[in-house]
Every structure is written in structure tokens, then in C-alpha cells.
Amino acid sequence: MTPVLADQLVDWSYVGDHIPEIRHALQQHLALTVIAVGVGFAISCVLAAIAIRFRISYQPINAVAGVMYAVPSLALFILLTPIFGLTALTAEIALVSYTIQILFRAIVAGIDGVPDFVRESATAMGYTRRKRLWSVEVPLALPVIMGGLRIATVTTVGLVPIAGILGADQGGLGTFIYDGLARDFKTPLLVGAVVTVALAVALDMVLVLTERLLTPWLRRTHAVAAS
Amino acid sequence: MNGLHNLLVWFNDPANWHGYNGVPQRVLEHVVLWAKAMTVATLLAVPVGLLLGRSRRSGVLTSNVANIGRAIPSFAILVLGVVWFGLSDVPVVVALVLLAIPPMFTFTFTAIRGVDRATVESARGMGMTETRVLRSVQIPLASPLILNGIRLSSAAVIATVPLAALIGGGGLGRYVVDGFSVRDFAEVGAGVVLVVALVLLNEALFAGVIALVTPGPRTRRRRLRMPRA
């Protein structure tokens with residue numbers, strides 16, 4: 001029976017038998033992604049605030065984040081194991097480090113992209129520094145920041161399966177991929193890969209919708225431009 | 001600092017510099033995979049980016065397509081490639097090409113869009129043909145940004161080639177995967193150091209090339225000289 005199954009592209013009975021496992025892996029994948037992007041976003045906000053307040057610190061932060069980004073993901077997961085063991089923490093630390101470079105740059109670029117005359121008008125209208133940041137600069141920077149969040153989220157979804165090399169509890173849908181590679185069995189490979197891509201696309205769409213909800217003024221200008 | 005010491009010992013071991021698993025061989029495999037992927041991706045992404053960047057109507061659709069392109073997880077594509085093509089270099093190159101296309105394409109597209117309209121109109125007004133406008137005005141002015149896109153793609157490809165080792169391919173990922181399977185973290189670390197070195201080399205080379213092609217005071221005179229009719 002086995003050789004026949006190995007030749008089929010998709011063994012649907014395998015898929016049917018593993019629905020609970022797939023759901024579990026999907027939840028884990030989602031949790032790993034959300035935590036990584038959330039923590040990465042929080043850290044990036046702090047770093048971006050420092051970089052915007054103290055211009056000199058931008059290049060060093062960017063360079064460190066850039067080198068972290070250059071380390072192959074597979075290797076980073078592995079290199080952290082002697083320190084943190086084969087745990088989800090190892091996976092999360094590596095995933096967070098990849099989001100930081102993308103998010104940090106996006107936040108700084110977004111705030112920097114606010115035109116000076118807008119900033120000056122806000123000041124002239126009596127906005128304090130903090131009020132100006134939250135009511136003028138952050139809303140105007142939102143499209144760029146959301147763009148960064150989209151790339152970071154989608155990248156993280158794609159990196160989680162690689163973390164599966166650490167073991168079954170760290171890789172989300174990657175568990176199926178490593179299982180399929182180990183047994184030369186195509187169905188779990190396809191399940192892992194296809195569901196990963198679907199999750200990436202779904203999360204991207206959620207973020208696009210969030211962006212549209214958060215920036216109603218952009219829709220209005222589009223409508224005006226179209227009419 | 002024990003890890004660093006082990007790393008130095010690894011690099012000092014002559015056995016790691018010879019044969020099929022030696023550093024020169026693995027670096028060569030790495031660079032060959034990179035070159036294949038970058039050649040295919042550049043030939044696909046840059047011309048299409050140039051053409052679509054020039055046309056008036058392709059804005060929204062194009063940027064959406066490029067964004068979806070960024071949503072493709074390389075590892076998943078690599079695995080789908082294995083299902084499709086079997087274990088060989090082909091799925092690796094396919095996954096890398098798909099990884100490399102979006103940044104190059106987006107940068108080429110926005111670079112061509114971003115060339116000053118007045119400059120392009122002047123070139124047309126001077127009687128240049130459309131091909132000539134593209135070749136002598138738009139591409140030179142857009143080339144720093146285009147090369148920046150290629151630089152980003154290239155760095156991502158170098159850092160992603162190691163995934164090939166998961167499906168039995170060569171390159172520096174071998175050190176990472178083989179080192180991990182026997183818990184030899186010095187070997188893993190050596191793989192990482194070599195990959196990061198390649199990425200830094202990539203950054204340096206592109207920085208040099210971009211500085212050379214950037215239109216500026218140094219090259220302006222030559223660029224603006226018109227052929228005498």
C-alpha cells in the first residue's frame with residue numbers, strides 16, 4: 001500500500017485523518033506569528049522613538065538590525081538552541097529579530113515622510129510635541145507602518161515552518177513539512193506548504209482591511225479622485 | 001567565549017578547507033545557486049518592471065501583484081517545488097527566483113515612474129525615439145534605484161540559499177544542517193559567518209556599483225552630450 005500512496009500527489013485519506021493535527025498546527029502557527037510580530041512591533045516602536053529623537057542612533061540601530069536580518073533564518077534558530085534549548089522561546093527570539101529590521105525601518109520612514117509643512121502647521125496651531133505625534137504624525141505615517149507590518153507578518157508566517165527543525169512544538173505547519181521530507185511522503189509536504197501560503201495571504205488581507213478601516217480619509221480622497 | 005574559540009578552531013582546521021565539504025567548494029556551490037537564481041530573476045523582473053513602469057495604466061494592479069509576491073513563503077515554495085520537480089537544484093532555484101522578483105520588480109517599477117516627467121518630455125522634445133528615451137534618459141536616471149532593488153533581492157537570496165540544504169542540496173547551508181544534526185555548533189556558526197560575509201560582500205559590491213552609475217557632477221557632462229546630427 002505504501003509505495004502506491006507515495007506516488008500519489010495528494011492522499012486525501014491522510015488529510016482527512018489529520019484534520020485535528022492540522023488545526024492544532026495552524027493555531028500554533030498563528031500564535032507564533034502574532035506573538036513574534038507583536039513583540040517585534042513593540043520593540044521597533046521603542047527603537048524608532050529613540051532613532052527619531054536622537055538622529056545619530058539611526059545608523060547603528062539599522063546596521064545591527066540589518067546584520068541580524070542577514071543571518072540565515074535556519075541558522076539563527078539553530079544557533080540559539082545551546083542558549084535557550086529546543087523551545088518555542090528560541091523560535092520566538094529568532095522570529096522577533098527578523099521583524100525588527102522591517103518594522104523599525106517602516107516606522108522611521110513613515111514618521112519621516114510626514115511633510116515638514118504639516119508638522120509646522122500643527123505646531124503653529126498649538127499642538128504639543130506629544131499631541132502632534134499622536135494626532136498628526138502617526139495617522140499620516142500609518143500607510144507606511146501598515147506596509148511594514150504586512151511584510152513583517154507575511155515574512156514571519158513563512159519563517160515559522162523553518163523553526164520546525166527545532167521540533168514538533170515550534171514549527172506550526174512546518175511540522176508537516178519536516179515529517180513529509182523525513183518520510184519522502186508528498187501529502188504532508190503539500191499540506192504544510194499550501195496551508196502556510198493560505199495563512200500568509202489571509203493575514204495579509206486582514207491587515208489590508210485593518211489599514212482601510214484605520215485610514216478612512218484615504219478612501220475619501222480616492223472616491224473624490226475617481227468621481 | 002567558548003563558542004568563539006570553537007569557531008576559530010573550526011576555521012583553522014585544514015580539513016575544513018579541502019574536498020567536497022571544504023569551504024571553497026561549499027562557497028562555490030552557494031554562489032552558483034545564487035547566480036542561477038539572480039540571473040533568471042533579473043531577466044524576468046527588470047524588463048517587465050521597465051515596461052510596466054513606462055505604461056500609464058498599470059499602477060494599482062502592479063503594486064498589488066508585487067505585494068502578493070512578498071507573501072510567498074520561500075520554504076513552502078521550496079517544498080512545493082520538491083513535490084513538483086523532485087530533489088534537485090530546480091526547486092531551490094524556483095523558490096529563490098520567486099523570493100528575488102518582488103523587490104527588484106517594485107524598485108524598477110517605481111524608479112521608472114519616479115523619473116522626472118519634465119526630463120522625459122524634454123528628451124522627447126529633442127526628438128529622441130521612445131527606445132532612445134528609455135535607454136539614454138530613463139534607465140540612467142533610474143539605475144541607482146533599480147540596482148538598489150537588485151541589491152536587496154541579492155542579499156535575500158544569499159541568506160536563503162541555505163534552505164537548499166534541508167532538501168539535500170549543497171551550499172553553505174550544509175554546514176548549518178549537518179552541524180545541527182550532530183550538535184556541532186562550531187560548524188553551524190562557521191556556516192553563518194560565511195553567509196554573513198557573503199551578504200556583506202554583496203552590500204559592498206553593490207554600494208560600489210551604485211556609486212559608479214549614479215548620475216551626478218562626475219558623470220553629468222558625458223551623459224548630457226548629444227550626438228551631432
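Mentor: Let's start where the chains meet: 27 residues of chain A are in contact with 29 residues of chain B. Two residues are in contact if their C-beta atoms, placed from the backbone, lie within 7 Å. This is a predicted model, in which local features need pLDDT of at least 70 and side-chain atom pairs count only at pLDDT 80 or more, while totals for chains, interfaces and linings use all residues. Residues are numbered from 1 along each chain as its sequence is written, and chains are lettered from A and ligands numbered from 1 in the order in which they are written.

Trainee: How many helices and strands does chain A have?

Mentor: Helices (H or I, at least four residues) and strands (E, at least two) are DSSP runs, numbered from the N terminus. Chain A has 12 helices and zero strands, and chain B has 10 helices and zero strands.

Trainee: What share of the residues in chain A is buried?

Mentor: A residue is buried if 20 or more other C-beta atoms lie within 10 Å of its own, exposed if 12 or fewer, and partly exposed in between. Buried residues make up 41% of the 227 residues in chain A; for the 229 residues of chain B, the figure is 42%.

Trainee: Which residues touch the most other members of the largest nonpolar core?

Mentor: In soluble globular proteins, nonpolar side chains tend to be buried together. A nonpolar core is a set of buried Ala, Val, Leu, Ile, Met, Phe, Trp, Tyr and Cys residues joined through C-beta atoms within 7 Å. Here the largest has 117 residues, and F77(A), A37(B), L96(B), A100(B), V157(B) and V176(B) touch the most other members. Leaving aside neighbours within four places in sequence, the contacts of V176(B) include P72(A), L74(A), A75(A) and I78(A), as well as P162(B) and V188(B).

Trainee: How do I read the angle between α9(A) and α11(A)?

Mentor: Axes are lines fitted to C-alpha atoms, for helices over the stretch in contact, and angles run from 0 to 180 degrees between N-to-C directions. Under 35 degrees counts as roughly parallel, over 145 as roughly antiparallel, 65 to 115 as roughly perpendicular and the rest as oblique. Helices α9 (residues 129–163) and α11 (residues 186–214) of chain A pack at about 165°, with axes 9 Å apart, so they are roughly antiparallel. In chain B, the axes of α2(B) and α7(B) come within 10 Å and cross at roughly 140°, so this pair is oblique. Among the residues of α2(B) that meet α7(B) are W34(B), A37(B) and M38(B).

Trainee: What length should α9(B) span?

Mentor: The expected span is 1.5 Å times one less than the number of residues. The 29 residues of α9(B) should span 42 Å, and the end C-alpha atoms are 42 Å apart, which agrees. Its buried residues include A186(B), V188(B) and L198(B). What covers the buried residues includes α4 (58–70) and α5 (73–79) of chain A, together with α1, α2, α7 and α8 of chain B.

Trainee: Is R183(B) buried or exposed?

Mentor: R183(B) is exposed, with 11 other C-beta atoms within 10 Å. This residue lies in the loop between α8 (173–181) and α9 (185–213) of chain B, and has a positive phi of about 55° although it is not a glycine.
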